[in-house]
Amino acid sequence: MFGAFDSMNIEMDFITEETFEMLENIPILTIEGSKHTDMIDRAIIAHCIANKGTLISHDRKFPCYRLYGLKLLEA
């Protein structure tokens, strides 16, 4: 798998202390009437914000995090 990543110029990125700090600081938003508590979603969002990455997703909840610095490419 890692060989395939290399051939496609895809780099692995690991969770950092900055990711955890961002995760603690972004609020749990209420979106469409319910709290967005999905920890995996929130970790991905925090990681992208902390590392100045761009998230590619079609998840309707993610655009709400642009206010907190999320760069998002909606697919």
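Helices here are DSSP runs of H or I with at least four residues, strands are runs of E with at least two, and both are numbered from the N terminus. With that in hand, read along the sequence and you get the pattern α-α-β-β-α-β-β, that is, three helices and four strands. Bear in mind that this is a predicted model, where local features need pLDDT of at least 70 and side-chain atom pairs count only at pLDDT 80 or more, while totals for chains, interfaces and linings use all residues. Residues are numbered from 1 along each chain as its sequence is written, and side-chain values use heavy atoms, with hydrogens and water left out.

Of the 75 residues, 28% are buried, meaning under 20% relative accessible area with a 1.4 Å probe, protein chains only (over 50% is exposed, and in between is partly exposed).

Now look at how two of the helices meet. The axes of helix 2 (residues 17–25) and helix 3 (residues 39–50) come within 8 Å and cross at roughly 120°. Those axes are lines fitted to C-alpha atoms over the stretch in contact, with angles running from 0 to 180 degrees between N-to-C directions. Helix 2 brings Glu18, Thr19, Met22 and Leu23 to the contact, and helix 3 brings Met39, Arg42, Ala43, Ala46, His47, Ile49 and Ala50; contact means heavy atoms within 4.5 Å. Sorted by type, the residues of this contact are seven nonpolar, two polar and two charged. In that sorting, Ala, Val, Leu, Ile, Met, Phe, Trp, Tyr, Cys and Pro are nonpolar, Asp, Glu, Lys and Arg are charged, and the others, Gly among them, are polar.

Next, the inside. A nonpolar core is a set of buried Ala, Val, Leu, Ile, Met, Phe, Trp, Tyr and Cys residues joined through side-chain atoms within 4.5 Å. The largest one has 13 residues, and the members touching the most others are Ile26, Ile45, Leu55, Phe62, Tyr65 and Leu70. Helix 3 gives this core its largest share, four residues.

Two of those members are worth a click. Leaving aside residues up to four places away in sequence, Ile45 touches Ile26, His36, Leu55, Phe62, Tyr65 and Leu70. Leu55 sits in strand 3 (residues 54–57) and counts as buried because its relative accessibility is 9%.
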